[in-house]
Structures are given as structure tokens and as C-alpha cells.
Amino acid sequence: MLKWVGASCIIIGCGVWGFCVAERMRRQERELRQLLQALEYLYSTLMYHQSPLPDLLSGAASAVGGTIGRVLQELKEQLLLQELSDAGQCMSAALVRRSVMQETRQVLMLLGTSLGQFDLSGQQAALEAVRAECNRRLNVLCTGLEQKVRSYRILGLCAGGPLAILLLQLWILI
């Protein structure tokens with residue numbers, strides 16, 4: 001009986017692994033889409049209202065919500081504390097406090113290094129460059145995403161069966 005419970009746990013564990021990998025891919029897509037939405041908000045608001053950076057970040061955080069909204073809110077708080085010398089360092093501090101996927105983290109660091117560094121036209125160009133990079137990463141991720149997600153789920157489930165059979169065979173021989 002114990003052997004069958006162990007085999008079931010192996011199958012379930014492999015299946016959970018496949019579903020976790022698939023969910024990480026979905027989470028990465030959600031975060032990049034939220035970030036793209038935030039960048040569009042920042043760009044258009046900067047272009048038409050020329051608000052101060054903390055107000056821009058607060059508005060973008062409210063507009064997008066989710067993980068990216070929390071990061072932007074944390075960035076705003078770091079900027080208002082004025083403990084760090086520039087927006088890049090504030091972004092690093094904000095990312096330490098918030099968990100985001102690696103691809104998103106890299107784009108957010110790019111955003112942090114460009115915020116508050118230029119005049120209006122330079123800031124718009126920098127936001128456009130960050131938006132283009134975010135778009136590029138999102139397109140790479142989304143290419144065949146449905147197939148990849150389905151494949152990881154199936155792989156997780158299918159890997160568990162043969163592994164459990166092999167272990168059952170080993171247990172029988174022992």
C-alpha cells in the first residue's frame with residue numbers, strides 16, 4: 001500500500017511542477033502587460049499634464065493595479081523618502097520589497113534608470129524606449145505561449161507516470 005501512495009505522490013508532484021512552470025509563464029505575461037499599460041499611462045500623462053514624478057507614479061499605480069501597481073507605489077514612496085540619490089536606486093529598493101519575475105524586473109530597472117534623468121522630450125524618448133523593450137519581451141514570451149503552457153502541463157503529468165512505474169519496479173525488485 002505504501003508503494004502505491006509513494007507512486008501517487010510522485011505523479012502528483014510532477015504534475016504540480018508542470019502546472020507551476022506554466023503558471024510562472026502566465027504570471028510573466030500578466031506582469032509585462034501591466035507594465036506596458038503603466039508605461040503608456042506614464043507617457044501620455046507626462047505628455048499632456050507634465051505632473052511631478054511621484055504624482056505620475058501614483059496615478060500609474062492606481063491605473064494598473066496588481067504587482068506592477070504595488071511596485072510603482074513602492075517606488076513613489078522611496079522617491080518621497082529622499083534617502084537614495086536617484087530613481088534607479090529607488091527602483092532597486094522598491095524591487096527588493098516586491099516580488100516580480102526576472103524579465104519584468106529587468107524592464108523595471110531600465111525604467112528606474114531613465115526616470116527623472118532628462119528634460120520633457122528626453123523623458124518621453126526614454127519612456128518610449130522602455131516601452132519598446134517591454135513590447136519586445138512580451139512578443140518573445142507570447143510567441144507560442146499557449147503551446148508552451150499546454151506542453152509544460154502535459155510534460156509534468158506524463159513525466160510522473162513513467163517515473164512512478166520505474167520506482168515501483170525498483171521496489172518490487174528490492
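## Helices, core and salt bridges in a predicted model

Thr 67 sits in helix H3, which spans residues 66-81. The model is predicted. Thr 67 is buried, because its relative accessible area is 17% and the cut-off for buried is under 20%. Which residues does Thr 67 contact, leaving aside its neighbours within four places in sequence? They are Glu 31, Gln 34, Ser 99 and Val 100.

**Nonpolar core**

The largest nonpolar core has 32 residues. Leu 72, Leu 75, Leu 108 and Leu 111 have the most contacts inside it. At least two residues of this core come from each of H1, helix H2 (53-64), H3, helix H4 (87-97), helix H5 (102-114) and helix H6 (120-142). Which helix gives the most to this core? H1 does, with seven residues.

Leu 75 shows contacts of its own. Neighbours within four places in sequence are left aside here. Leu 75 then touches Leu 57, Ala 87, Cys 90, Met 91, Ala 94 and Leu 115.

**Salt bridges**

How many salt bridges does a search of the whole structure find? The count is 11.

| Side-chain pair | N to O distance |
|---|---|
| Arg 30 and Glu 23 | 2.9 Å |
| Glu 74 and Arg 98 | 3.8 Å |
| Glu 133 and Arg 137 | 2.6 Å |

Take Arg 30 and Glu 23 to begin with. Arg 30 counts as partly exposed, at 43% relative accessibility. Glu 23 is also partly exposed, with a relative accessible area of 38%.

Next come Glu 74 and Arg 98, whose side chains meet in a salt bridge. Glu 74 lies in helix H3 and Arg 98 in the loop between H4 and H5, so this pair ties together parts that are 24 residues apart in sequence. Is Glu 74 buried or exposed? Glu 74 counts as buried, at 8% relative accessibility. Arg 98 is partly exposed, with a relative accessible area of 30%.

Arg 26, Glu 29, Arg 33 and Glu 146 are linked in it.

**Cysteines**

A search of the whole structure finds zero disulfides. Cys 14 is in none, and the nearest cysteine sulfur, that of Cys 158, is 11 Å away. Cys 14 is buried, with a relative accessible area of 17%. Cys 20 is in no disulfide either. For Cys 20, the nearest cysteine sulfur is that of Cys 14, 12 Å away. Cys 20 counts as partly exposed, at 44% relative accessibility.

**Surface patch**

Which residues make the nonpolar surface patch of about 390 Å²? Met 1, Leu 2 and Val 5 do. Val 5 is found in helix H1, which runs over residues 2-48. Val 5 counts as partly exposed, at 40% relative accessibility. Patch residues must have over 30% relative accessible area, so Val 5 passes that cut-off.

Terms used:
Residues numbered from 1 in each chain as written. Predicted model: local features only at pLDDT ≥ 70, side-chain atom pairs only at ≥ 80, totals over all residues. Heavy atoms only, no water. Patch = residues over 30% accessible without salt bridge, like charges linked within 9 Å, V, L, I, M, F, W, Y side chains within 5 Å. Areas by Shrake-Rupley, 256 points an atom, 1.4 Å probe, with all protein chains shown as cover. Salt bridge = Lys/Arg side-chain N within 4 Å of Asp/Glu carboxyl O. Helix = DSSP H or I, 4+ residues; strand = E, 2+ residues; numbered from the N terminus. Buried < 20%, exposed > 50% of the residue type's maximum accessible area, 1.4 Å probe, protein only. Contact = heavy atoms within 4.5 Å. Core = buried A, V, L, I, M, F, W, Y, C linked by side-chain atoms within 4.5 Å. Disulfide = S-S within 2.5 Å.
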